[in-house]
Amino acid sequence: MTASPAFAPTVELHPHPRTRDELGVILANPGFGNYFTDHMFLAKWTPDEGWAYPRIVPYGPLTLDPATAVLHYAQEVFEGLKAYAHADGSIWLFRPEANAERMQRSAHRLALPELPTDWFIGSIKALIEVDAAWVPNGDEKSLYLRPFMFASERFLGVRPSQHVTYGLISSPAGAYFPEGLKPVSIWLSTEYARAGAGGTGAAKCGGNYASSLLPQQEAAAQGCAQVAFLDSTEHKWVEELGGMNLFYVQSDGSIVTPELSGSILEGITRDSLITLARDLGHEVVERRVSIDEWRDGCADGTITEVFACGTAAVVTPIRSLKWEGGEAVPGDGEAGKVTSELRAALVDIQYGRAPDRHGWLQQVLPA
Ligand SMILES: *Cc1c(COP(=O)(O)O)cnc(C)c1O
């Protein structure tokens, strides 16, 4: 592969950015994924040039030929991370190199070119520099960043695309639980799997999400917020939710999280919480957890808390796991003490309220 040129994006500013008043209304109640900042970042890759044409441009639609490969064969990967405003107004990223490296692994699995880490982090810094006013402050709000990469060649043959587009868009996000941690119910999917052995479960690709939508709909019809997926071979081991990893707190204070099996996505929140839980004196074990262990552990009190985690919601307590004709409720079904303690430990670092002992924060803009 040809070496990629140095990262030096061009900047085309939006002729009509949102006014201060419009922005004020948006940031007061952003929700999640509703509004997009005034600019976006784009770059393209070809085998001859490598990564090229890094640019900040006004946010707007992409024009795609109907034969664009991604529309047919789903050769696409993405990432999700947040920028946090600290109390002094400075803006920070949390472990962005971990997202860059995961996107490289995802790209490799989908036969897409790897975006160098300095381009990944550089694109985020370049976008935040022009859209800094969009990073909300206070109330655990953040600017959600969505890097994505897709096969943009106009070609219907089945082979890796020879033209690839990398993009970055960003969207202000409100606190996920503005009124405090609210436990949710989860539906156990027995008919569908999210990922199989040798498949793309460990890659963050759109296709995994596409296949989770029907079971997700089934969960919603059962009054559940999310789906839990079992392994696709034995239909016995609980892997994860459609977009979040799982943790179990046990009555002896130890914590279990499913081991990375190749079909589980390596969450950066998961990895960070393992470290923080150990810092707080909990033993953390990565191993398989069967559906029987979850059910029996809730019934006999061995499992006292269950929670899910991911960048968007950070930590979501699980009130109950439901299936056809049954239900398992850990503890009293309220947000548990360890769940709340771990969540606080993580967000306190992200928002600069606790010391960053692991060197996880990277400053994007000074105060
Ligand atoms: C993104 C994702 C997660 C969470 O990863 P984080 O890095 O913690 O945001 C978990 N599971 C799946 C399937 C995901 O796509």
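This is a predicted model: local features need pLDDT of at least 70, side-chain atom pairs count only at pLDDT 80 or more; totals for chains, interfaces and linings use all residues.
Asn 99 counts as buried because its relative accessibility is 2%.

User: OK, where does Asn 99 lie, and which residues does Asn 99 touch?

Analyst: Helices are DSSP runs (H or I, at least four residues), numbered from the N terminus; Asn 99 sits in helix α3, residues 96-109. Contact means heavy atoms within 4.5 Å. Not counting residues up to four places away in sequence, Asn 99 touches Glu 79, Gly 80, Leu 81, Phe 94, Phe 120 and Ile 268. A polar contact is a pair of N or O atoms within 3.5 Å; within protein, one must be able to donate a hydrogen and the other to accept it, and residues adjacent in sequence count only if both atoms are side-chain atoms. The side chains of Asn 99 and Glu 79 make one at 2.9 Å.

User: Which residues of the largest nonpolar core touch the most other members?

Analyst: A nonpolar core is a set of buried Ala, Val, Leu, Ile, Met, Phe, Trp, Tyr and Cys residues joined through side-chain atoms within 4.5 Å. In the largest, with 39 residues, they are Trp 51, Phe 120, Ile 124, Ile 128, Leu 145, Met 149 and Tyr 166. Helix α4 (residues 117-130) gives the most to this core, seven residues. A second, separate core has 23 residues, including Phe 94 and Ile 255.

User: And the ligand: which residues come nearest?

Analyst: Near means that a residue has a heavy atom within 4 Å of the molecule. Of the 15 residues around the ligand, Lys 204, Tyr 209, Glu 240, Thr 269 and Thr 311 come nearest. A polar side-chain atom of Glu 240 is 2.6 Å from a ligand nitrogen atom, and an N or O atom in the Thr 269 side chain is 2.6 Å from a ligand oxygen atom.

User: How many residues of domain 1 are in contact with domain 2?

Analyst: Domain bounds come from an automatic or database domain assignment, which gives domain 1 (10-173) and domain 2 (184-350). In domain 1, 21 residues are in contact with 22 residues of domain 2.

Methods. Residues are numbered from 1 along each chain as its sequence is written. Side-chain values use heavy atoms; hydrogens and water are left out. Buried means under 20% relative accessible area, exposed over 50%, partly exposed in between (1.4 Å probe, protein chains only). Helices (H or I, at least four residues) and strands (E, at least two) are DSSP runs, numbered from the N terminus.
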